[in-house]
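Dear colleague,

I am handing over the structure below, followed by notes on what was found in it. Please read the notes with the structure open beside them.

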Amino acid sequence: MKKAMTKKQKIVLGVLAAVILIVLIILAKSFGLFGGPEETEETAYVTPVSVITGVSGKVNRFSGIVESQETWKVDKNPEYVVSEIYVAAGDEVKAGDPLFTYDQESFESSLGQAQIDMERLQAEKEALLSTIAQLQKEKSQAPSSEQANYTIQIQQQELESKQKDLEIKSKQLEIDKLNDNIANATVTSGIDGVVQSVNTGEGVSYGYEDTSFIKIMKTGNLRIKGSVNEQNIGQLYEGMAVTVCSRVDETVWNGTITTIDRENQNTDNNNYYYGDSANRGTTYPFYVELEDSSGLMLGQHVYVKEQGSEETDGIWLDMGFVDETDPEKPFVWADNGSGRLEKRSVVIGERDDEMCRLLITEGLAYTDAIAYPDETLKAGKTCLNTAAMSEEDMTGGAGEDMMMDSGMAVEG
């Protein structure tokens, strides 16, 4: 199974991909590989912060549904007929409550035939024992020249007798099972819970559905089953702390992603995804273990987001984009909103020297476009947006494809 990237690795790859994209576009522009605004010495290339960081400032939220940690399933015996079903999806049941009943006539008919077979086997066994006794009596009175012949006959009868013992034992097990089926023709629930589904065999099967006859979700010990599409699965990892949010009020629950099931993909496009990208194509289930599930109900729809993933947290930006020549007055080169370059003062919060990034708490938004500092930059230069060039100037939408291939979010 493919190992999920850590958050640290994803940050590094995202920033690296953004820088590579910028360099490629600048080189392509320099060699005249695509059109667009004319480049001059007064041109500065800027890129949206959302592209550089790989996020748009909006919080990605993934759909989820509350389900039980434990599911109890029962399959019906295909050899028998179900005469009555007592439950439907959504019903609450207790351990021991009846779920469905088999047609006892089929059991009784099979039992009658099995008992007849048993009587026949026992009669054949008695005949064999009688034959053995008779052969042993004749052997004792026969001359020595015939002793070997009697010995062989007796051994053959004894082997048949042992075989008959096995058949009788097997038939007795069959009879015991049929008696047990008659005594327990009504199948009961093994747990307290809610009936999730009853498979009556109606409708169209697509080959990947759970074919259990009845499935019951155990009450208590709830978890969240979420859905993530193939474009966004890289944003999640096992062990990731997440917040589960109600879709009707402000209630939240904290939890941890325990499993991302990459083996059981779903190609249904009808799953919900909240964020910057539409949820299309293949999706994968993931599971969240909750610290406390109080207030949640089985089947309740929720959404899941990373803990602390709020717009007000600031922007983590690669150190290379921030000019700290004067540590007291850090700034970035940014588009002033009118297509001209300006020095933009920023406020630095935290520093992450290991990841070579800074938390910008003031002065910059995800929608701003900034330039990578070099000695040629100066205020008033004309700004060329590399993201716009990649989307509009490259033939065939190559710019968007490049960003998608590198795993960066494209703001819609």
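The average pLDDT of the protein, pLDDT being the predictor's confidence in each residue from 0 to 100, is 79, and 75% of the residues score at least 70. This is a predicted model, in which local features need pLDDT of at least 70 and side-chain atom pairs count only at pLDDT 80 or more, whereas totals for chains, interfaces and linings use all residues. Residues are numbered from 1 along each chain as its sequence is written, and side-chain values use heavy atoms, with hydrogens and water left out.

Two stretches call for caution. Over residues 32-39 the pLDDT stays under 50, although the model gives this stretch 18 contacts (heavy atoms within 4.5 Å) beyond four places in sequence. Residues 203-208 also have pLDDT below 50, and this stretch has one contact in the model beyond near neighbours in sequence. Where pLDDT is low, the predicted coordinates should not be read in detail.

Turning to the strands, which are DSSP runs of E with at least two residues, numbered from the N terminus, an open sheet of five strands has the order 18-17-21-1-22 with mixed pairing, where two strands pair if DSSP finds at least two bridges between them. Its edges are strand 18 (341-345) and strand 22 (382-385), each of which pairs on one side only, and the twist from one strand to the next averages 50 degrees, with axes as lines fitted to C-alpha atoms and angles running from 0 to 180 degrees between N-to-C directions.

Within this sheet, strand 1 (residues 43-48) has six of its six residues buried, so it is largely enclosed by the rest of the structure; buried means under 20% relative accessible area, with a 1.4 Å probe and protein chains only. Thr-43, Tyr-45 and Thr-47 cover one side of strand 1, and Ala-44, Val-46 and Pro-48 the other, all of them buried. Strand 1 runs parallel to strand 22, joined by four bridges, with Asn-385 as the bridge partner of Val-46. With strand 21, strand 1 pairs in the antiparallel sense over two bridges, and there Thr-47 has Ile-370 as its bridge partner. Strand 21 (residues 369-371) is also joined by two bridges to strand 17 (residues 331-335), again antiparallel, and Trp-333 stands opposite Ala-371.

A further open sheet has four strands in the order 3-9-8-5, with antiparallel pairing. Strand 3 (71-74) and strand 5 (92-93) stand at its edges with a single partner strand each, so one side of each is left without a neighbour in the sheet. Strand 8 and strand 9 pair over five bridges, and Ser-197 has Lys-215 in strand 9 as its bridge partner.

The whole structure holds eight aromatic pairs, for which rings of Phe, Tyr and Trp (its six-membered ring) must have centres within 6.5 Å, planes under 30 degrees apart counting as stacked, over 60 as edge-to-face and the rest as tilted. Phe-62 and Phe-286 form an edge-to-face pair, 6.3 Å centre to centre with 90 degrees between the planes. Phe-62 lies in strand 2 (residues 61-68) and Phe-286 in strand 14 (residues 283-290), so the pair ties together parts 224 residues apart in sequence. Both Phe-62 and Phe-286 are buried.

Phe-100 and Phe-213 are likewise buried, and their ring centres lie 4.8 Å apart with planes at 85 degrees, so this pair is edge-to-face. Together with Tyr-80, Tyr-102 and Phe-107, these two residues, Phe-100 and Phe-213, form one aromatic cluster.

With best regards

Notes: Buried means under 20% relative accessible area, exposed over 50%, partly exposed in between (1.4 Å probe, protein chains only).
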